[in-house]
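Please examine the sequence and the structure shown below. The paragraphs that follow lead through them step by step.

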Amino acid sequence: MHGAESTAGPAADTAAGTAHEGAAALLAAARGGDERAFAALVGRHRRALHLHCYRMLGSFDEAEEALQDTMVRAWRSLHTYAERAPLDHWLHRIATTTCLRAAERRRRAPVSVAEVEQLQPYPDVLLGELDPAVVVEQREAVALAYVAALQLLPATQRAVVILREVLAWSAAEVAGYLGSSVAAVNSSLQRGRATLAARVRRRPERPLSAYERELVRRFVRSWERCDTEALAELLRADAVLRMPPQPMEIHGPQAIAGFYATVPAGGRWDLIRLVETAANGQPALAAYLPDLAGRGGGGPLHAYGVMVLTVTEQGIAEITGFPDPALPARFGLPPIISAGYFRRDR
């Protein structure tokens, strides 16, 4: 063991030193006006910054805008970066300020999760760009219910919770950034924690991988057979269905199954086909629908939206539906799928 450590140590130190020198060279070039150097310097932080903006705003689209604004502000103010803190801390400060300003422009704050009309899912395929260890460690912090509940907090309190709980900044760091006191930050954190604890259903700390997959498959099979009873049996007794941006909530297995059997596609849920995917570290289903004007023959099926499922050991606790045809593409899925895809043995 000691021999292995003595061999790996110098190599690791050399690699770290080389990386530091490379970052320093990029920083110097960027400060000299080299936009390519700036892009390379901040590129490795873009996904983490985008996810941070998503947590702050609850919207994938708004997070995209906030990220672009953050990059512009970082480029213009790079000369102010004093290197007293890591670059990613400096970038997260800019991103947080950008998101706080965006939150201030909203019409009003939601008072319930159902009123978080800007809520959108975050594709797991994009989470794959982050360090896997970070994704596992922050599994709860990317869950859709957690992100939705964050939107119920006052914007500054939301920033405190994310910076302290997710990014693990110290109370002193957050206080210095917000121009507040450590006592005020700790008080804000406690209030935020209390709100989240009351709003977020706890998921298992460890992924229920095999169980989740089987439950999703049974959901799809029940859907394909238009079997409302079988679908209802997969839901917890206190299950809830939400469909942002509509401020609606449907409670209970029978009511949820009845909604699917009568409302989507004018009640023709037999025409809707589902493709398994994942969002926010949770199982998800992309929905495809034939052209109803063409009476849904054997033609191609077009993207219809995405459903994100919150799975617990007692069954599906929450379904959040997003009827947006543009969403499946973000999950790496095609906008149009041939009918033959669903006829083959999968």
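**Charged pairs, cores and a helix**

Arg221 is partly exposed, with a relative accessible area of 38%; here buried means under 20% relative accessible area, exposed over 50%, and partly exposed in between, computed with a 1.4 Å probe on protein chains only. The model is predicted, so local features need pLDDT of at least 70 and side-chain atom pairs count only at pLDDT 80 or more, while totals for chains, interfaces and linings use all residues. Residues are numbered from 1 along each chain as its sequence is written, and side-chain values use heavy atoms, with hydrogens and water left out.

The partner of Arg221 is Glu214: the two form a salt bridge whose closest N and O atoms are 3.4 Å apart. A salt bridge is defined as a side-chain nitrogen of Lys or Arg within 4 Å of a carboxyl oxygen of Asp or Glu. Glu214 is likewise partly exposed, at 35% relative accessible area. A search of the whole structure finds eleven salt bridges. Another of them joins Asp270 to Arg268, with 2.9 Å from N to O. Asp270 is partly exposed at 27% relative accessibility, and Arg268 is partly exposed at 40%.

Glu249 and Arg242 also form a salt bridge, their closest N and O atoms being 2.8 Å apart. Glu249 is partly exposed, with 34% relative accessibility, whereas Arg242 is buried, with 15%. These two residues belong, together with Glu318, to a network of salt bridges.

The nonpolar interior comes next. A nonpolar core is a set of buried Ala, Val, Leu, Ile, Met, Phe, Trp, Tyr and Cys residues joined through side-chain atoms within 4.5 Å. The largest such core has 78 residues, and Trp90, Tyr146 and Tyr288 touch the most other members. Helix H5 (residues 87-104) gives the most to this core, contributing eight residues. Helices (H or I, at least four residues) and strands (E, at least two) are DSSP runs numbered from the N terminus. A second, separate core contains 30 residues, including Leu234, Leu285, Leu289 and Met307.

Which residues does Tyr146 contact, leaving aside its neighbours within four places in sequence? They are Glu140, Ala141, Val161, Val166, Leu196 and Val200, where contact means heavy atoms within 4.5 Å.

An α-helix has 3.6 residues a turn, so residues three or four places apart point the same way. The 18 residues of H12 (residues 182-199) should span 26 Å at 1.5 Å a residue, and the end C-alpha atoms are 26 Å apart, which agrees; the expected span is 1.5 Å times one less than the number of residues.

Finally, the cysteines may be considered. A search of the whole structure finds zero disulfides, a disulfide being a pair of cysteine sulfur atoms within 2.5 Å. Cys53 is in no disulfide, and the nearest cysteine sulfur, that of Cys99, is 3.6 Å away. Cys53 is buried, with a relative accessible area of 0%, whereas Cys226 is partly exposed, with 30%.
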